[in-house]
Each structure stands twice: as C-alpha cells, then as structure tokens.
Amino acid sequence: MTAIPLEHVLIFASILFVIGFVGVIVRKNTLFMLMSLEVMLNAVGVAFIGAGSAWQQADGQVMFILILTLAAAEVAVGLALLIQMHRRFGSLNIDKLNKMRG
Amino acid sequence: MNVELFFYLAAAMAIIASIKVISTHNTVHALLYLVVSLLAVAVCFYLMGAPFAAGLEVTVYAGAIVVLFVFAVMMFGLGSDETLNAPQVRGLGIWAGPVVIATGLLIELIYIINHSGLQKQLSIDVVDAKQVGILLYGPYLLAVEIASFLLLAGLLAGYHYAKPEGQGGQI
C-alpha cells in the first residue's frame with residue numbers, strides 16, 4: 001500500500017477532469033478544445049495509475065499506455081481536421097461548423 | 001517530510017497549470033502551461049510508485065503530443081503574418097508563470113531524489129516496467145494489437161486530411 005491514499009488521488013483526477021471538461025464546454029476555439037481533451041485524458045490516466053498503485057498491480061499502467069496511444073491518435077486526427085477547417089472557413093471558431101450542407 | 005506532502009504540492013501545481021491552460025487567450029502560452037501541467041502529473045506518477053509511467057508521460061505527452069500541437073499552430077499561421085496577431089506585451093509577465101511552476105517541480109524532484117529516507121519509502125511499492133511488459137505482452141496482447149491498428153488509422157487519417165485541396169485532400 002502506498003503512502004498516498006487512493007481517495008486523494010481520485011479527488012485530484014476528478015478536479016483535473018472537471019477542469020478539462022469546463023474547457024471543452026466554455027472555449028470556442030477548437031484548438032483549446034483539443035488541449036482540454038488532453039487534460040481530460042490525462043486525468044483518466046491519473047485515476048488508472050492511482051488505482052494500479054493502490055492495489056500494487058501493473059494493470060493500471062497498462063491501461064495508461066493504451067490511453068496514451070488513444071491520445072496520440074486522437075490528436076493526430078483532430079489537428080489534421082483543424083488544418084482542413086482553417087483552410088475552408090479561415091478560422092477555428094467551432095460555431096462556424098453549425099451549418100453542415102450534407 | 002513524507003511522500004504525501006510532495007504529492008499534494010505537485011497536484012496543486014498541476015491543477016493551477018491546467019486552469020491556466022483553459023483560461024489564457026494566447027495559444028502558445030496555453031501550450032506552455034499544458035507542458036508544465038503534464039510534467040507536474042509526471043511527478044505525481046513518480047510519487048505514486050510508477051516511474052515507468054512518469055517517463056512515458058514526459059516523453060510521449062510532453063514531448064511528442066505537445067510538439068504536434070506546436071507544429072499545427074505553426075501551420076495555422078502560414079497564410080498570414082503572425083507578427084500582426086502577436087500580443088504587444090513585453091517583459092517577464094508572459095513566461096514567468098510556467099517558469100516558476102517548472103522550477104518548483106524541478107526543486108521538488110531533486111529534493112526527493114537526494115533524500116534517502118524518501119527514496120526508501122518510495123522504493124517499497126514500485127510497480128516497475130518489467131511487470132508492465134509481462135502483462136502487456138501476455139494477457140493484454142490483443143489490446144496492444146488493437147492499439148497498433150488505432151495508431152495506423154490515426155496516421156492515415158492525419159496524412160489524408162492535412163493534404164492540400166489539389167492533391168485529393170477532400171473530406
């Protein structure tokens with residue numbers, strides 16, 4: 001059992017997750033939304049590592065590595081879409097995407 | 001001095017940096033704070049007995065993913081003159097925040113590595129890279145294969161979507 005209580009790790013992860021969620025909801029700039037998504041994924045990683053270290057199992061770190069690959073792929077696709085969006089609409093404002101013409 | 005105190009310090013730094021990530025207006029400043037936030041979370045991982053995950057956090061998150069963000073920010077500015085959009089603020093104000101938090105993290109890490117009592121306390125319950133590797137290529141082998149498919153799909157999608165119009169970069 002580690003010195004750090006699991007409850008405190010989970011509280012820390014929840015605070016980070018809520019910060020990222022607020023960022024996704026509040027910001028209009030798509031790049032900031034992607035960054036907030038990174039913060040959220042990171043918070044999930046904190047929760048997994050904390051649980052893994054509380055029970056002294058390596059499964060938590062395995063899940064963290066999978067989240068890492070997910071975050072890398074998500075950022076690659078998201079940024080490519082952002083480049084395409086900047087080319088078409090001339091801005092990164094998410095509200096410009098509210099009219100989709102099939 | 002115990003491990004918990006340092007964990008709370010690093011956690012507070014991570015929370016402050018994350019709040020700054022979502023509240024600043026300049027993209028590059030937000031990226032600086034994002035790097036600091038990821039480094040603070042890496043210190044938390046180290047203190048939780050996962051040094052391998054801490055290294056991965058620094059190399060993959062703070063290294064690769066943030067560099068990808070910086071490249072994208074550079075591509076957004078290619079069409080226009082970036083100096084027109086740059087803020088006119090001069091002085092220490094811009095980089096003082098990230099530098100202070102990052103220096104605090106560095107001092108904390110050096111203190112922990114030097115302190116033999118803390119090291120003894122930390123080394124009791126480390127889940128090291130060997131256990132992770134055995135698990136990753138044993139029961140979780142299918143998940144690793146699926147993750148490699150995901151990375152390949154991300155590579156292809158990124159390549160296709162970021163191409164210019166004339167070269168077939170249609171969505």
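This is a predicted model: local features need pLDDT of at least 70, side-chain atom pairs count only at pLDDT 80 or more; totals for chains, interfaces and linings use all residues.
A polar contact is a pair of N or O atoms within 3.5 Å; within protein, one must be able to donate a hydrogen and the other to accept it. The backbone oxygen of B:Ala14 sits 2.7 Å from a polar atom of the B:Ser18 side chain. The side chain of B:Ser18 also pairs with the side chain of B:Ser37, in a polar contact of 3.1 Å. B:Ser18 belongs to helix α1 of chain B, which covers residues 3-23. Its relative accessibility is 0%, so B:Ser18 counts as buried. Who else touches this serine? Leaving out residues up to four places away in sequence, B:Ser18 touches A:Leu16, A:Ile19 and A:Val39 from chain A, plus B:Ser37 from chain B.

Helix α1 of chain B also holds B:Val21. B:Val21 has a relative accessibility of 1% and therefore counts as buried. Setting aside neighbours within four places in sequence, B:Val21 is in contact with A:Phe32 and A:Met35 on the chain A side, and with B:Ala30, B:Tyr33 and B:Leu34 on the chain B side. As for distances along and across the chain, B:Val21 and B:Ala40 are 19 residues apart in sequence, and their C-alpha atoms are separated by 13 Å.

Moving on to helix α2 of chain B (residues 27-47), this is where B:Phe45 is found. Is B:Phe45 buried or exposed? The relative accessibility of B:Phe45 is 0%, so this residue counts as buried. Its contacts, apart from neighbours within four places in sequence, are A:Gly45, A:Val46, A:Ile49 and A:Phe64 in chain A, together with B:Ala50, B:Ala53, B:Ala54 and B:Glu57 in chain B. B:Phe45 and B:Val73 are 28 residues apart in sequence, with 29 Å from C-alpha to C-alpha.

Zooming out to chain B as a whole, the secondary structure consists of eight helices and zero strands. Read from the N terminus, the order of elements is α-α-α-α-α-α-α-α. Chain B has 171 residues, and 37% of them count as buried. Taking the contacts within chain B between residues at least 6 apart in sequence, 68% join residues at least 24 apart. The accessible surface of chain B is about 9400 Å², and carbon and sulfur atoms account for 72% of that.

Next comes the interface between the two chains. How many residues of chain A are in contact with chain B? The count is 57 residues of chain A, which meet 63 residues of chain B. Together the two chains bury about 5300 Å² between them, with 77% of that area on carbon and sulfur atoms. Helices α1, α2 (30-54) and α3 (59-89) of chain A each supply at least two residues to the side of chain A that touches chain B. The largest share of that side comes from α3(A), with 25 residues. Between chain A and chain B there are zero salt bridges, while 11 residue pairs are in polar contact across the interface.

So where do salt bridges turn up? A search of the whole structure finds one salt bridge over all chains. A:Asp95 forms a salt bridge with A:Lys28, and the closest N and O atoms are 3.2 Å apart. A:Asp95 lies in the segment after α3 of chain A and A:Lys28 in the loop between α1 and α2, so the pair ties together parts that are 67 residues apart in sequence. Both ends count as partly exposed: A:Asp95 has a relative accessibility of 38%, and A:Lys28 has a relative accessible area of 47%.

Chain A has a couple of other spots to look at. In the loop between α2 and α3 of chain A lies A:Gln56. Phi of A:Gln56 is near 55 degrees, a positive value in a residue other than glycine. Most residues other than glycine have a negative phi. With 27% relative accessibility, A:Gln56 counts as partly exposed.

Finally, the surface of chain A carries a nonpolar patch formed by A:Phe17, A:Val18, A:Phe21, A:Val22, A:Ile25 and A:Val26, with about 540 Å² of accessible area together. One of these residues, A:Phe17, lies in helix α1 (residues 6-26) of chain A. A:Phe17 counts as partly exposed because its relative accessibility is 34%.

Conventions. Residues are numbered from 1 along each chain as its sequence is written. Chains are lettered from A and ligands numbered from 1 in the order in which they are written. Side-chain values use heavy atoms; hydrogens and water are left out. Patches are made of residues with over 30% relative accessible area and no salt bridge: like charges are joined within 9 Å, nonpolar side chains (Val, Leu, Ile, Met, Phe, Trp, Tyr) within 5 Å. Accessible areas come from the Shrake-Rupley method with a 1.4 Å probe; for residues, only the protein chains shown count as cover. A salt bridge is a side-chain nitrogen of Lys or Arg within 4 Å of a carboxyl oxygen of Asp or Glu. Helices (H or I, at least four residues) and strands (E, at least two) are DSSP runs, numbered from the N terminus. Buried means under 20% relative accessible area, exposed over 50%, partly exposed in between (1.4 Å probe, protein chains only). Contact means heavy atoms within 4.5 Å. Buried area is the accessible area (1.4 Å probe) that two parts lose on being put together, summed over both.
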